[in-house]
Amino acid sequence: MKRDTGLLQPFLGFLATSASPRSLVILSALASIVGPAPFARGAEIIYDDRDAFVQATGAGSMTGSVPNVGQVLDGVQLGTVTVSLTQGTAIFFGTTGIEGTYGPDFTDLIDGNDIGVTGLDGLTFGFQVPVSAAGFEFAEPTAQPPGAGSFVDSTYRVEGLDPSGVVFTFDINVPNDTPTFVGVASDTPFMTLRATEIAGGIENEFYGQVYASLAPGECITPYEPVTIVEARRAAPGCVEFGQSDTNPPGIVSGYNVYRTSDASTPFELWDPVAAEVADEDPVRSLIQWTDSGASVSPTGVWYYQFLAVNGDCPVQSSEGPR
């Protein structure tokens, strides 16, 4: 049976070409186009806007911010995502060690530090549990540093895989010199998102944070403790806190707050003060929360602990470590 893979339609700024044995739904401002799928097992929706992707899928960052540590080993863990080479020879998280060539940042088209690959680009993002949607920040600058080669407009093949094989495949050509996001939602869960440069050169494209929405019934418990960085009495019976949390935002739905007047009290006997509280001021660097019911402690002191929690997990396994 001949399979038609000739679907080529502009999608919200970049070109998406179906090369999938399963049905591919490409949404644009003008129309919904369903490609022929004689072997279809599912449908995919492609996104090139991160905020629209997050709003539609409920996804969160599974990597957190990219650290500026320079060259890393292939197969490195970033948050809850394993980052490895699809092709190329080395992965860089930020420009540490090569600032003389690239400066303090690979590109200002992506917020924060970026991920770079030497040689023909290609990265594989492996997830700990099946996901129903995933995507990554991406940029293709035309200006190249010395030694990076002349600019070549690149085309990428993006694939989702589960243990049985390929779930979906599509090709993209993103706008140059533009902050871009490459995301896909699938009704068939997948464990791996793979991007491979299939047309281009050794010049550089860059990646940012990786986002995902876990498949129904799946969860990842926060694995890092929360650190109280600052606490101050704002008014009688009112204490303001600033916390630092290194868990990826995609696995944290809020924070459970516990309090005791005696630090020697076993933690299971600490009083729960609040459940799944949100950051009261996301603009600030620290996570903000105010205990407005801090009455006078019997010992003159209150001790607090904040635990990251993932409300998608069963209650008995939803809290991170102390």
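1. Partly exposed denotes a relative accessible area between the buried limit, under 20%, and the exposed limit, over 50%. Glu-240, at 25% relative accessibility, therefore counts as partly exposed. Its side chain takes part in a salt bridge with Arg-232, and the closest N and O atoms of the two are 2.7 Å apart.

2. The model is predicted. The protein chain has two helices and 22 strands. Of its 322 residues, 48% count as buried. The accessible surface is about 14700 Å², and carbon and sulfur atoms account for 53% of that. For contacts between residues at least 6 apart in sequence, 67% join residues at least 24 apart.

3. The count of salt bridges is seven. One of them joins the side chains of Arg-50 and Glu-137, at 2.6 Å from N to O. Arg-50 is partly exposed at 29% relative accessibility, whereas Glu-137 has a relative accessible area of 9% and is buried. Through shared partners, salt bridges join Arg-50, Asp-51 and Glu-137 into one network.

4. Another salt bridge is formed by the side chains of Arg-157 and Asp-171, at 2.7 Å from N to O. Arg-157 lies in strand β13 (residues 155–162) and Asp-171 in strand β14 (residues 165–173), 14 residues apart. Arg-157 is partly exposed, with a relative accessible area of 29%; Asp-171 is buried, at 10% relative accessibility.

5. The aromatic pairs number 19. Among them, Phe-138 and Tyr-207 are edge-to-face, with 5.2 Å centre to centre and 70 degrees between the planes. Phe-138 is in strand β12 (residues 122–139) and Tyr-207 in strand β16 (residues 206–214), 69 residues apart, and the pair links distant parts of the chain. Phe-138 has a relative accessible area of 1% and Tyr-207 one of 0%; both values are under 20%, so the two residues count as buried.

6. Phe-168 and Phe-170 form a stacked pair, at 6.2 Å centre to centre and 20 degrees between the planes. Both of these residues, Phe-168 and Phe-170, are buried.

7. One aromatic cluster is made up of Phe-125, Phe-136, Phe-138, Tyr-156 and Tyr-207.

8. A charge also sits over a ring: Arg-259 lies over the face of Trp-302, at 4.2 Å from the ring centre.

Notes:
Residues numbered from 1 in each chain as written. Predicted model: local features only at pLDDT ≥ 70, side-chain atom pairs only at ≥ 80, totals over all residues. Heavy atoms only, no water. Helix = DSSP H or I, 4+ residues; strand = E, 2+ residues; numbered from the N terminus. Buried < 20%, exposed > 50% of the residue type's maximum accessible area, 1.4 Å probe, protein only. Contact = heavy atoms within 4.5 Å. Areas by Shrake-Rupley, 256 points an atom, 1.4 Å probe, with all protein chains shown as cover. Phe/Tyr/Trp six-rings, centres within 6.5 Å; stacked < 30°, edge-to-face > 60°. Lys NZ or Arg CZ within 6 Å of the ring centre and 35° of its normal. Salt bridge = Lys/Arg side-chain N within 4 Å of Asp/Glu carboxyl O.
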